[in-house]
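Here is a short tour of a single chain, from its overall contacts down to one helix. Have the model open as you read.

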Amino acid sequence: MSVLGMIDIDNQINANEKKFMFPIAFERVYKNYWYKFAEENDLYWLKFFLYGIEVEKSSFDAVRKELNLFRDFLLKGEDLYYLSERKYILSRIELFLEKLDDAEQLRDDIVLYIG
């Protein structure tokens with residue numbers, strides 16, 4: 001299993017939106033690294049992505065804030081626990097941020113499902 005982002009099925013209005021999907025992480029990696037970081041830092045959004053949650057456009061900035069916290073933490077490289085997956089996770093954070101920007105441009109009532 002993996003964690004991915006997509007336009008919520010009930011919110012899709014055309015074929016392009018049905019194809020809008022992006023990988024975030026394998027479930028094991030998400031649980032062992034992303035979720036661990038979210039728990040240790042009392043983050044809201046990153047915790048719920050493991051189980052699946054709808055994210056409205058109005059919450060994209062809050063998601064970005066948590067992603068940037070995680071990215072900055074990884075870039076410091078101070079915790080060896082994350083070293084083996086660091087490059088992979090950083091690439092997925094960058095993709096996630098890019099896809100949030102893309103989704104934001106589609107329309108004002110966009111809703112992503114992440115899980």
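## Contacts and overall form

Of the contacts in the protein chain (heavy atoms within 4.5 Å) with a separation of 6 or more, 62% join residues 24 or more positions apart. This is a predicted model, where local features need pLDDT of at least 70, side-chain atom pairs count only at pLDDT 80 or more, and totals for chains, interfaces and linings use all residues. Residues are numbered from 1 along each chain as its sequence is written, and side-chain values use heavy atoms, leaving out hydrogens and water.

The protein chain has five helices and four strands, taken as DSSP runs numbered from the N terminus (helices H or I, at least four residues; strands E, at least two). Along the sequence their pattern is β-α-β-α-α-β-α-α-β.

Buried residues (under 20% relative accessible area, with a 1.4 Å probe and protein chains only) make up 47% of the 115 residues.

## A look at helix 4

After helix 4 comes Gly77, with a positive phi near 65°.

Which residues of helix 4 are buried? They are Phe60, Val63, Arg64, Glu66, Leu67, Phe70, Arg71 and Leu74. These cover an arc of only 165° around the axis, so they lie on the same side of helix 4; the arc uses directions from the helix axis to the C-beta atoms. Their cover includes helix 2 (27-40), helix 5 (86-106) and strand 4 (111-114).

The face turned away from that buried side carries Asp61, Lys65 and Lys76, which are exposed (over 50%).
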